[in-house]
Amino acid sequence: MAWRLAFAVPLLLAVTFGMFALAKASPFDPVRQYLGDRAAITSPQIMAEIRANWGIDRPLLEQYTTWLGNLLRGDLGESRSLHLPVAQVIGERLGWTLLVVGCALALMLVAGLALGTLAAWRRDSWLDRLISGTAFATEAAPVFWVGLLAIWVFAVTLGWLPAGGLTDAASASVTVTGLLAHMVLPVTVLAFSQSSWLLLFVRESVIGVLKEDYVTGARARGLRERTVLLRHALRSALLPFITIMGARVPELVTGAILVEAVFSWPGVAGTTIKAALAVDFPLLAALTLLATVAVVLGNLLADLAYTVADPRVRVLGVS
């Protein structure tokens with residue numbers, strides 16, 4: 001894990017510098033995007049003054065070092081589209097994203113582990129084919145398509161659940177019951193779209209472990225099949241899963257961005273799309289940095305969890 005920590009800082013520097021390089025080479029003009037229809041009647045001199053005020057007319061390296069210096073002082077700049085400090089925008093929305101992602105992650109783990117183990121236990125049965133076939137179909141379906149389908153079925157056709165947002169249109173405040181009702185679809189869609197790889201991984205791992213000699217020995221000692229499956233096979237099969245979970249963090253971040261956009265969830269992930277469409281670079285830069293930090297932390301936590309779960313890693317000094 002130590003080498004990952006040492007690699008994190010240059011990785012973040014490379015990502016942020018690459019982000020500035022792409023912004024510099026982009027054909028989109030943030031000033032014209034900011035002015036909108038007024039750009040047609042705004043004089044070139046005023047537009048040049050805006051560019052100078054924002055600092056986007058400076059050389060690439062100067063822009064990057066200025067932004068990096070402000071970042072180290074805790075200044076993330078001001079959002080050009082929302083006209084608020086970037087730190088305030090992220091602070092107001094980060095909690096909503098963590099709430100949805102945390103609930104979806106818990107639901108994904110429970111459903112993936114249960115269904116994957118059940119499919120392995122009933123291998124080659126109709127139940128196994130149903131579970132595995134559904135997982136393969138889900139893996140191929142885009143997240144936004146699943147979200148739109150869920151809105152059409154459960155919000156438009158059946159009218160069981162709200163289509164998006166935090167509250168109903170007539171509500172002036174966020175209530176617990178209203179929040180829970182509005183969370184059902186985004187949490188379920190995010191968990192459903194991300195659980196297929198976990199389900200299939202657990203199935204294959206448990207099937208492989210069930211063939212091991214120590215599992216056969218446990219059955220020979222007269223242990224119940226449930227005990228053999230849960231205490232012996234599943235526990236050993238999940239060790240590689242910890243590392244794979246860390247590697248899937250980027251996909252989880254991408255899924256959260258699309259889900260928040262589809263369901264109009266006021267989280268920090270969905271704000272990334274709005275910042276990109278508005279060419280709001282200060283906000284987009286901070287959100288990109290935040291997503292990169294989340295990926296790095298996910299891998300670090302996965303390594304740490306694997307070290308705790310498997311004492312052999314600590315004994316051999318692999319970490």
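Which residues of the largest nonpolar core touch the most other members? I started there, keeping in mind that this is a predicted model.

**Entry 1: the main core**

I looked up the membership of the largest nonpolar core and found 35 residues. Met108, Val189, Leu190, Val206, Val259, Phe263 and Trp265 touch the most other members. Next I asked where the members come from. Helix H5 (86-121), helix H7 (143-157), helix H8 (176-210) and helix H12 (249-262) each supply at least two residues of this core. H8 gives the most, with 14 residues.

I then picked Val189 and listed its contacts, leaving out residues up to four places away in sequence. The list reads Val143, Val146, Gly147, Ala150, Val259 and Phe263. Val259 and Phe263 are also on the list of residues that touch the most other core members.

I checked for other cores. A second, separate core has nine residues, and Leu76, Ile90, Val268 and Leu283 are among them.

**Entry 2: H5 against H8**

How do H5 and H8 pack, in angle and axis distance? I needed two values here, because two packed helices are described by the angle between their axes and the distance between the axes. For H5 and H8 the angle is about 35°. Their axes are 5 Å apart. I also noted the handedness: H5 passes H8 in a right-handed crossing. By class, I find 25 nonpolar residues in the contact of H5 with H8, along with six polar and one charged.

**Entry 3: aromatic pairs**

I searched for ring pairs and got eight. I wrote up two of them. A pair of aromatic rings is described by the distance of the centres and the angle of the planes.

Phe20 and Tyr64 came up with ring centres 5.5 Å apart. Their planes stand at 80°, so I logged the pair as edge-to-face. Phe20 sits in helix H1 (residues 2-25) and Tyr64 in helix H4, 44 residues apart, so this pair links distant parts of the chain. Are Phe20 and Tyr64 buried or exposed? Both are buried.

Tyr34 and Trp54 came next. Their ring centres are 5.2 Å apart and their planes are at 80°, so this pair is edge-to-face too. Tyr34 lies in helix H2 (residues 30-35) and Trp54 in helix H3 (residues 44-54). The pair therefore ties together parts that are 20 residues apart in sequence. I looked up accessibility for each ring. Tyr34 has a relative accessible area of 34%, so Tyr34 is partly exposed. Trp54 is at 25% and also counts as partly exposed.

I looked for a wider grouping as well. Phe17, Phe20, Tyr64, Trp67 and Phe281 form one aromatic cluster.

**Entry 4: positive phi**

His83 has phi near 55°. Its place is the loop between helix H4 (60-72) and H5. His83 has a relative accessible area of 47%, so it is partly exposed.

Asp124 also turned up, with phi near 65°. I located Asp124 in the loop between H5 and helix H6 (126-140).

**Entry 5: whole protein**

How many helices and strands are there in the protein? I count 15 helices and zero strands. Of the 319 residues, 38% count as buried.

Notes
Residues are numbered from 1 along each chain as its sequence is written. This is a predicted model: local features need pLDDT of at least 70, side-chain atom pairs count only at pLDDT 80 or more; totals for chains, interfaces and linings use all residues. Side-chain values use heavy atoms; hydrogens and water are left out. A nonpolar core is a set of buried Ala, Val, Leu, Ile, Met, Phe, Trp, Tyr and Cys residues joined through side-chain atoms within 4.5 Å. Buried means under 20% relative accessible area, exposed over 50%, partly exposed in between (1.4 Å probe, protein chains only). Helices (H or I, at least four residues) and strands (E, at least two) are DSSP runs, numbered from the N terminus. Contact means heavy atoms within 4.5 Å. Axes are lines fitted to C-alpha atoms, for helices over the stretch in contact, and angles run from 0 to 180 degrees between N-to-C directions. A crossing is left-handed if the near helix is turned anticlockwise from the far one by less than a right angle, and right-handed if clockwise. Ala, Val, Leu, Ile, Met, Phe, Trp, Tyr, Cys and Pro count as nonpolar, Asp, Glu, Lys and Arg as charged, and the others, Gly among them, as polar. Rings of Phe, Tyr and Trp (its six-membered ring) pair if their centres lie within 6.5 Å; planes under 30 degrees apart count as stacked, over 60 as edge-to-face and the rest as tilted.
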